[in-house]
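Hi,

Here is the structure I promised to pass on to you. Have a look at it first, and then read on for my notes.

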Amino acid sequence: MRRYLLRRLVLLVPVLWGVATLVFAVTNIIPGDPVDLMLGETARPAQREVLRKALGLDRPLGVQYRDYLAGLLRGDLGTSLHKKRPVAQLIAERISASAELTLAALAIAIAIALPLGILAARRAGTGVDLAAGAIAVLGASIPVFWLGPLLIIFFSIDLGWLPVSGRSSPLSLILPALTLGTALSAILMRMTRSSVLDILPQDYLATARAKGLSERRVLWLHALRNACLPLITILSLQLGALLSGAIITETVFAWPGVGRLTIQAIAARDYPLVQGCVLFIALIYVAGNLLADIAYAWLDPRVRLD
Amino acid sequence: MRGNTSIRAGALVLAIIIVLSIGAPLFAPQDPFSLNLAEGLATADWDHPFGQDKLGRDIASRVFYGGRISLMVGFAAVFISVLIGGVVGAVAGYAGGAWDEFLMRVTDVFMAFPGILLAIALMSVLEPRVGNVVLSLSAFGWVGYARLVRAQVLSLREREYVVAARAAGARPLRVVVRHILSNIISPVIVEASFGMAGAIVAEAGLSFLGLGVQPPAPSWGAMLAEGRDFLLIAPHLTLFPGIALALTVMSLNILGDGLRDLLDPAQKR
């Protein structure tokens with residue numbers, strides 16, 4: 001296991017370097033001058049020069065890249081042009097809100113997907129299975145930026161049960177988490193159904209039943225445990241959708257997380273902040289995938305030997 | 001059988017959406033750009049079956065015309081992604097060795113950007129034009145196809161008929177195009193139908209965030225963003241573009257499911 005971990009960590013270094021380089025390239029090499037975008041084409045040359053200097057764009061590209069990488073190694077993501085504060089600090093302040101939303105969405109997705117997926121597998125081919133399949137297709141097809149407003153109309157405006165937006169009380173978390181977790185729950189449910197269907201005819205489950213275990217114990221303890229492996233794969237594959245979905249969900253619900261900060265930074269043309277946020281979200285994604293791989297290797301020794 | 005039913009259902013709904021979008025000049029009840037401030041936010045009537053937006057424009061007409069943008073961007077982004085991903089995957093899988101190693105590390109880097117994050121980053125520096133939206137969606141869209149094509153090429157590279165073609169003196173390009181790519185088209189088609197659904201949602205997402213197609217051009221995402229400000233008093237502004245978007249995505253997903261069941265029975269469940 002230690003060897004596997006070490007190999008995975010070593011392989012991560014070129015990926016992280018590549019990610020940092022691509023983020024730098026997006027904001028520095030692509031045709032189009034950030035100064036033009038920030039000031040507009042009518043700005044005076046003197047104004048442009050001041051901003052160019054403030055952004056460090058007056059230096060040769062190679063020097064900018066070297067300083068950028070050196071800064072990253074020190075944990076320095078630069079300074080926000082708009083808020084005049086270190087980018088790393090601004091992101092750090094928003095992490096807890098984003099983590100809260102993403103974890104709550106994940107919990108909701110699992111809480112919906114596991115029971116429904118198992119139920120659909122046990123009643124495969126019946127009306128219950130068809131209904132669960134239809135719900136899954138519907139859930140996976142509704143984009144978060146439409147589901148969010150629909151939930152607001154129903155739960156906040158019509159029923160008045162939940163806050164429309166913001167993060168003022170624990171109740172504020174429910175709608176954004178439900179919005180973000182719905183698509184994931186649909187995909188997880190289909191995968192749970194498929195995995196449980198694969199496992200149900202296995203001999204060891206017949207043995208467990210023959211020992212006199214209740215059907216509930218057989219399903220939840222024996223079947224689901226082995227159905228977890230493909231679920232981890234799906235979770236790691238869906239982490240990307242969850243993180244990018246969070247950017248939009250945070251915008252819909254004015255949730256003060258890193259995603260909303262990214263969109264606010266783009267609107268304010270605050271490129272150091274945009275760069276920092278994009279890099280941070282990509283790093284979280286890479287770390288999440290690494291954790292999923294480790295969990296997979298831990299649960300299934302065959303992966304380590306591959 | 002289930003595959004066929006899914007294909008028929010998905011294709012039928014998608015065909016209706018395509019016809020209504022391409023034929024928007026024929027089917028749209030009004031000019032999608034025509035302003036009527038006095039009737040801003042009005043609900044449905046005979047002349048405006050989906051109601052009117054804040055500027056009094058006909059929502060039904062804008063939904064029909066918006067479909068053109070969504071479908072065009074989705075198709076173009078998937079086409080370019082398949083093209084780039086196909087070439088990268090074929091070279092990596094067939095050439096192997098250092099080429100494979102290099103190209104796969106490049107895909108690793110692109111895969112480190114979750115969902116539409118790279119497109120968001122690109123659109124933050126590019127002008128919000130349709131062409132740039134297609135470009136930014138393709139910039140991350142190609143990776144999945146590259147991985148898929150590489151895996152398929154690897155599995156076919158040493159098959160007897162491919163070895164025979166090589167032994168007969170066929171050049172690498174001919175072997176790859178004629179003997180390998182023609183045999184891996186099915187999984188690529190399945191992936192492309194899901195990919196198009198993803199690209200359409202991503203385009204709408206970028207427009208929703210103000211980074212995609214700009215007003216007054218009718219885009220479903222931008223219409224949803226505009227409607228968000230009037231949720232309390234005019235929920236119909238978000239209802240109809242949302243239904244159009246969800247129906248399009250759902251039909252593509254159902255079509256993809258059906259195609260997968262039909263073309264790749266091993267995956268069927």
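Predicted model: local features only at pLDDT ≥ 70, side-chain atom pairs only at ≥ 80, totals over all residues.

Let me start with the cores. The largest nonpolar core has 111 residues, and helix H12 of chain A (residues 271–299) gives the most to this core, with 12 residues. The residues with the most contacts inside the core are A:Phe145, B:Phe113 and B:Ile120. Leaving aside neighbours within four places in sequence, A:Phe145 touches A:Ile248 and A:Val252 in chain A, and B:Val201, B:Ala204, B:Gly205, B:Phe208, B:Leu224 and B:Leu245 in chain B. Another core, of 34 residues, lies apart from this one and includes A:Ala113, A:Ile118, A:Leu231 and A:Ala246.

Now to the helix pairs. H12(A) also packs with H1(A) (residues 2–28): their axes come within 10 Å and cross at roughly 160°. Angles over 145 degrees count as roughly antiparallel, so that is how H1(A) and H12(A) run to each other. The crossing is right-handed. Among the residues in contact are A:Leu5, A:Leu12 and A:Val19 of H1(A) and A:Val278, A:Ala282 and A:Val286 of H12(A). By class, this contact has 17 nonpolar, three polar and two charged residues.

The other pair is H5(A) (residues 87–122) and H10(A) (residues 215–252), whose axes come within 8 Å and cross at roughly 140°. These two helices are therefore oblique to each other, and their crossing is right-handed. The contact of H5(A) with H10(A) divides into 12 nonpolar, three polar and three charged residues.

Best wishes

How values were computed:
Residues numbered from 1 in each chain as written. Chains lettered and ligands numbered in written order. Heavy atoms only, no water. Core = buried A, V, L, I, M, F, W, Y, C linked by side-chain atoms within 4.5 Å. Buried < 20%, exposed > 50% of the residue type's maximum accessible area, 1.4 Å probe, protein only. Helix = DSSP H or I, 4+ residues; strand = E, 2+ residues; numbered from the N terminus. Contact = heavy atoms within 4.5 Å. Axes fitted to C-alpha atoms, helices over the stretch in contact; angles between N-to-C directions. Parallel < 35°, antiparallel > 145°, perpendicular 65-115°, else oblique. Left-handed = near helix turned anticlockwise from the far one by under 90°. Nonpolar A, V, L, I, M, F, W, Y, C, P; charged D, E, K, R; others polar.
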